[in-house]
Amino acid sequence: MIWQNPWAWLGLLTLAVPILVHLLARQRAPRQPFPSLRFLPDARLLTARRARPTDLLLLALRLLILAVTAAALAQPYLLTGERAAWQARTVARAVVVDTSASMGGLGANGQAAVDAALAEAERLASAAGTDAGAGAGAGAGTGAAATGLVIPTAAPGAVLGGAVAWLAGQPGMAELVVLSDFQRGAVDSLQLAGVPDHVGLSLRRVGAAVARDSFVWTGAQGELALTARTTAAGDTTEVAWTWSGESGAPVSGPVVLHGPEEGALAAAVRQAGLASAPTAQDFPLLALVLPGYPALETLLAEARPLDAPWMGDVVAALGRDAALAAAVEAASSAAPPAAPAGAATGARVPDALAALDGLTGSVVLTAVARMPGGEPAVLAAHVPVDGTDHLALVVLAADGGTTAAAALAAALQAGWPVAAVAETEPVTLSGEWLERWSRPATPPPSAAAAVPPGASDGRWLWGVVLLLLGAETLVRRRTGTLPLAEEAS
Amino acid sequence: MGSLELAARIVVDGAQAGAHRSVRRGGGTEFQQHRPYHPGDDLKYLDWKLLARTDRLHTRQFREATRLDAMLVLDTSASMAFPETGVAKLGYAAILAASLARVIITQGDACGLLTASDGRLDYLPARGGRPQLRTLTGRISALTGHGAWDAARAIGRGAELLGRRGVLLVLSDFYDDEEGTRAALTRAARGGHDVAMLQLLADAELTLPARGEVEFQDLESGARRVVHARAAAESYAAAVHAFVTRCRTGASRAGVDHHLATTADAPASVLRAFLLRRNAAAHAAGAR
């Protein structure tokens, strides 16, 4: 027996009502004038019974009515052999179709992989009793799909949670099918771990017939031309980026401008920033100005507002970067290191700001990170470096380079076209992994989840309630008892 | 004509009781029978002719032609107001009393009324004639059931007011002071009165029609008692039956005529049965 609405059993608390009414009703017996009490039995004879409820048959009927009503509201479902067999052959199926760009390649039959995947998904979702398992080859469960849902998405791993939620509301067993080319990153073990154990998993590869082990992607970021070359190398992918300016000449960066005493610091900052942005080896047109840079005044004298869109994107990303914010927070409490004589920085921040204001004469510098007190920790400016315009990040925070490294890393990651390049990922999840993750559907641990929607044997109990109500009315009329509501009032 | 008077006429007509005959025998004018002479008998009633024919002494007896005085003693206590719906015992008793008064007065006898409630006795002397009948009927129709009554006192007072030997008709449920009532009835009967008790009960008193738990309230004392009617019905009916039996037995021992009527009985039938029974008793007594 499955109770689909077990909370309804709380209705049994109402059993106390008729019990109390029957206990208290004696004390409110209807009064009847009578010629003489001499022939009536002594009231003391009833004293022993006073503590007991009156009309036990009526009380029993009323208790039964309430109990059966609660049971009916709990929506019982009797799991007969036939119904159990129905459950065993009924599978609710959610089919996740990878529609990312990588699925645009043509398959062996000349059809785009994504189209083939969608057609297969429709077949799986609508199949009822005719297919013997969506992913038989991948170890999926067998059975007819009672209900099916197709979820097209460019990020299969991200929708697994939603698919599982939908399956949880479906009767019968549940199966989750993923049709994808399974590029690395399409789904991962962490996402699959969120799928309940009883939900069958079928990971079916539907991809281009010819796997490409290299890919070249070109794009633009502002006035910069960008080329990414991806190459499969074993189970990893190497990506080589090439940036070119308006002249078409390759550029390299970033440029770290520092004082004579800051050579080691500059090397460390560059190393740390690049390490935090592992694929951004050649980010162009970025100048990181450390506090001891001697030509800072000249540099800032030629500063211009941030007029290139990509610069705005980078600066906006810097403002959202958590690592940079944490570094600035730490720098605010750090003691300032000894600054070289004559340097604009290394002194207190307000002094440096005053010096910069005097140099530029206008608001051309943008604070991209501020200390808790509001003082700028990192400024951004559009400045020429070696004759080429660069986005210069001027580090004011005197924390020995932590803020500078965080600013560099954040700038290298900002605006990076990761998604587009990811679609060129030639390395895919191996069939061995897909096989390992796949599993057949099993009956859900909660039997209630296997009940078809709207199916309940409560209607029989409602019939019983009606019969009991009729019996209660007959008994009440025979004994001359008031209805329960009137007795209670 | 009031409604009670009309009801009494209908009841009497329905009863078709016939003329009432005096139960007293003696030196009246209408010969009734002979009986053997006993020493001390008045010689003027000796039948000389019969003596001459048979050589046996017989005395002639005549039906008494004197007026009969009857007193209706009516219980107007609160218990007589039961049941509250339908015909109450008091209403039923009023119809019977008015009917009896009509029977008595229309055959030339006298009838009086005595009611008692809360220690107060209301008395209407026994007289004959239609004005008395109207007065009696008016008094009876104005009666209401309230308070308690002292049965022994009312019966005793009724017997005293009759003066000479008469008919004492007591209409009541006889719930109050069973022993005292029986003693008063006995005294009245031994005093030479022809005493009859008409015991009136409602159907709801013979059995408990109520269901479930009922709080019964005594109409006279106001006392309350919670009783499970269904459980108590059997013992109650037995107790009432025993009570009625005691009344009947006690009346028989005291030489009092006892007649039980319920409010469900037709008054005409009750009246007819009552009069026939009394006539039969009178004839039996006359035969002795």
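Of the 489 residues of chain A, 39% count as buried. Buried here means that 20 or more other C-beta atoms, placed from the backbone, lie within 10 Å of the residue's own. This is a predicted model, in which local features need pLDDT of at least 70, side-chain atom pairs count only at pLDDT 80 or more, and totals for chains, interfaces and linings use all residues. Residues are numbered from 1 along each chain as its sequence is written, while chains are lettered from A and ligands numbered from 1 in the order in which they are written.

Chain A holds 17 helices and 15 strands. These are DSSP runs numbered from the N terminus: helices are H or I with at least four residues, strands are E with at least two. A contact requires C-beta atoms, placed from the backbone, within 7 Å.

Now turn to the interface. Chain A gives 21 residues to the contact and chain B gives 27 residues. On the chain A side, strand E2 (residues 31–34) supplies the largest share, four residues. By class, this side has eleven nonpolar, six polar and four charged residues. Nonpolar covers Ala, Val, Leu, Ile, Met, Phe, Trp, Tyr, Cys and Pro; charged covers Asp, Glu, Lys and Arg; the others, Gly among them, are polar.

Pairing takes at least two DSSP bridges between the strands. Gln32(A) stands opposite Phe216(B). Phe34(A) stands opposite Asp218(B).

E9(B) also has a partner in its own chain. Five bridges join E9(B) to strand E10 (residues 224–228) of chain B, and these two run antiparallel. Phe216(B) has Arg225(B) as its bridge partner in E10(B). The hairpin of E9(B) and E10(B) has five residues between the strands. Gly222(B) takes a positive phi near 80° there.

Elsewhere in chain B, two helices pack together. Helix H5 (residues 151–162) and helix H6 (residues 178–190) have axes 8 Å apart, at an angle of about 10°. Axes are lines fitted to C-alpha atoms over the stretch in contact, and angles run from 0 to 180 degrees between N-to-C directions. H5(B) and H6(B) are therefore roughly parallel to each other, a term for angles under 35 degrees. H5(B) contributes residues including Ala151(B), Ile155(B) and Ala159(B). Among those they meet in H6(B) are Gly180(B), Ala184(B) and Arg187(B). This contact has eight nonpolar, three polar and one charged residues.

Conventions: Two residues are in contact if their C-beta atoms, placed from the backbone, lie within 7 Å. A residue is buried if 20 or more other C-beta atoms lie within 10 Å of its own, exposed if 12 or fewer, and partly exposed in between; C-beta atoms are placed from the backbone. Angles under 35 degrees count as roughly parallel, over 145 as roughly antiparallel, 65 to 115 as roughly perpendicular and the rest as oblique.
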